[in-house]
Amino acid sequence: MTIPVRRFDAVIVGAGGSGMRASLELAQAGLRVAVLSKVFPTRSHTVAAQGGIGAAIGNMGEDHWIWHMYDTIKGSDYLGDQDAIEFMCRMAPEAVYELEHYGMPFDRNENGTVYQRPFGGHSANFGEKPVQRSVCAADRTGHAMLHTLYQQNVRAKTQFFVEWMALDLVRDAAGRVLGVTALEMETGEMALFHAKATLFATGGAGRIFHSSTNAFINTGDGLGMAARAGIPLEDMEFWQFHPTGVAGAGILITEGVRGEGGYLLNKDGERFMERYAPNMKDLASRDVVSRAMATEIKEGRGLGEHGDYVLLKLDHLGLETIEKRLPGIREIAIKFANVDPVKDPIPVVPTVHYQMGGIPTNYHGEVVSWSGERDTPIAGFYAAGECGCASIHGANRLGTNSLTDLLVIGRSAGRAMIEFIRSEGQALPELPKDAAEPSRERVGRLDSPAGGEDVNEVRNEIQRTMQAHCGVFRFPDLLAQGVARIKAVAERAKRTQIKDKSRVFNTARIEALELDNLMEVARASMISAAAREESRGAHDRADHPKRDDVNWLKHTLWHREGDRLTYKPVHLKPLTVDTFQPKARVY
Amino acid sequence: MKFRIQRYDPDKDAKPYFRDYDLEVGPTDRMLLDALVRIKALDDSLALRRSCREGVCGSDAMNINGKNQLACVTKLVDLKEPVVIRPLPGLPIIRDLIVDMTQFFAQYHSVKPYVVNDEPPPERERLQSPREREELDGLYECILCACCSTACPSFWWNPDKFVGPAGLLQAYRFIADSRDTRTNERLDNLEDPYRLFRCHTIMNCVDVCPKGLNPSLAISKIRTLLAKRAV
């Protein structure tokens, strides 16, 4: 049986910020681009970003891209690639102005320029004091940005395939990428999207953890597809715990609350961040603040029945500021924490939020393969946004830099794809025989009548294992047990089954297919974490409490085949300026 | 807790029917979506859309005890039992709680929902005063969940001709933007017995909007602009 083949110049998987920034570039260039998304584009997880976009446009006072670059490198605990970081920080102002021209409803200053707020880890003059660098639309920046990008794509007549789930990457014998197989959710029909260039913009996989700020859809589909196609995943041990998730609910409370002047308190009413980060206090990097909170809780200074949360106080900002700058936060706190932050502090706890690692790319969004000596682009394959690893965020991402990354790398990936497609000429490279076979097998197993493992139970086991064995603080024995548990659940995941056999909008089937992707990401994360014997950024090892630049200033590459790990060097050389040499990280 | 959910799978059902579920609600089940996710774990054939689970993506709009709402921000303790759950009314049902939103998005697209400015862009941002920017508050926050349009009798009768409250709210969002230079074309595009004037100010849209927005007010502002333009 053959499946329908649709042909395009480019296929983009994912319609969040990076996917739609790239598709806009391609559509405006007059190329035929198909954007596949599991959900209607404005439902993508970019919609949930709150606090802002980091760009040194200096509307509130002196600022320079090189200060932003320094902060990002320091924030990354020196694991970020300095060429990619320089590129992002230099391009950020232009990307923000572009977005403004697209109609983004940014908050404004009296003089009509775009307002900027302070954010964690962003400083003036190489760490001297906090700086106002984050452009925003109240605390709905991601929502405003995602809708703006969708609107411009409507204008550019981008072709969307809404509620199509990509299943597997298609490569030929030479390793070149030729598109994806995908499933139309409404009909249950499969098709092959054949293209000269393929971009993964599928977001992160925060749903491998039990408690996460992430949407249900964040199942790491791009990472799973890449891993199954033999592409290693980079730096998957680095998972960001956002300091302020609503206790018990996991819903994100933006760092913008602290940017606007909110702060954290323990049960003694102490503003404890003053002890951990005397200079930046509550605006230190997220890894630093999350560890401080977890320490306070561990040492008995948490609140609540189980002493397992701390408080985020913002009532002193006043009703007017909260209504103007943080209206969404007030809405969330009232709904999910039963407190009105105008009067009372919000109970918060560090919660999994962002995946620093991903599919290895350079700053053009080209997916690269490490030969042992150099990175070589894999022809026809690109990744951007949270699923890609450029690596800008290294071991810890700064707040606001995720949206900056989406815009800058989304655009540069779009441009690199245009150049590649134009250099390719008219003909599409030939598809290998049986290109859709692996996908057909995966779907076919779920359609078969045989009983097997329950999808919910297997997913719960993954989430519980990651949460218990790979948290804010990591211990060698727990990591080793975690690896064994994850390998055991991986065996169960091969035998998942569903009861629903309907062809029409079968969401049980979608969840089972997503589970295959979650499984790959969880394996990569646990195995990479167990191997890294140092503490850097978000990866904190009790048995190796210090950063070890002699042995571990390098990127991890996890290979699915045999769970093999290799390593590659960090790009310490920026594009035009001098290297920022690794030094002790103090906030 | 008792739930009565409308089910329909065109693969095997001749027509929609109700199925009852009795679920022991735990301390972590705060919102209706929490309960629906647990029901789905027991009966994997229940189909619904959901994503952000915090009221910003607009996926899980449905008719809950007669009112269009988002399941993820509807508290279980506030619901009368049995909780009767239906798909959004007025749109074709694909399966269970999933409706075909083609018509809804077609109307949204018909208002040309994007800023157009005929002047070449400056090197930096276009300037906009805080007052001008405030004009967009209450408009840009729309999440396109369709609670409003599918609560509107005028949209039920003429979904192909009447833009509907969601589309009109967005139409006004671009009219109100000081950076947009196409106000006249935008008004032309709405000056039609159906597209705008099918609104009979029933105000269901205001009543159901989960983000507290007011499409009815936006519609009246468009009417005022059209009236001013006529004199």
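Glu163(A) and Arg49(B) join their side chains in a salt bridge, with N and O 2.5 Å apart; the term covers a side-chain nitrogen of Lys or Arg within 4 Å of a carboxyl oxygen of Asp or Glu. The rule turns up nine salt bridges across the interface of chain A and chain B. The model is a predicted one, where local features need pLDDT of at least 70, side-chain atom pairs count only at pLDDT 80 or more, and totals for chains, interfaces and linings use all residues. Residues are numbered from 1 along each chain as its sequence is written, chains are lettered from A and ligands numbered from 1 in the order in which they are written, and side-chain values use heavy atoms, leaving out hydrogens and water.

Polar contacts link 41 residue pairs between chain A and chain B, both residues being at pLDDT 80 or more. Such a contact is a pair of N or O atoms within 3.5 Å; within protein, one must be able to donate a hydrogen and the other to accept it, and residues adjacent in sequence count only if both atoms are side-chain atoms. On the side of chain A that touches chain B, α3 (82-101), α4 (141-155), α10 (327-337) and α15 (507-531) each put in at least two residues, and α4(A) gives the largest share, eight residues. Helices here are DSSP runs (H or I, at least four residues), numbered from the N terminus. That side of chain A is made up of 27 nonpolar, 23 polar and 16 charged residues. Nonpolar means Ala, Val, Leu, Ile, Met, Phe, Trp, Tyr, Cys and Pro, charged means Asp, Glu, Lys and Arg, and the others, Gly among them, are polar.

Counted by contact (heavy atoms within 4.5 Å), 66 residues of chain A meet 64 residues of chain B. About 5300 Å² is buried between the two chains, 49% of it on carbon and sulfur atoms; buried area is the accessible area (1.4 Å probe) that two parts lose on being put together, summed over both. In chain A, the most area is lost to chain B by Arg43(A), His101(A) and Phe216(A), together 14% of what that side buries.

Inside chain A, the axes of α3(A) and α11 (residues 401-424) come within 9 Å and cross at roughly 90 degrees, which makes the pair roughly perpendicular (65 to 115 degrees). Axes are lines fitted to C-alpha atoms, for helices over the stretch in contact, with angles from 0 to 180 degrees between N-to-C directions. Among the residues making this contact are Phe87(A) and Met91(A) of α3(A) and Leu407(A) and Arg411(A) of α11(A).

Key
Angles under 35 degrees count as roughly parallel, over 145 as roughly antiparallel, 65 to 115 as roughly perpendicular and the rest as oblique.
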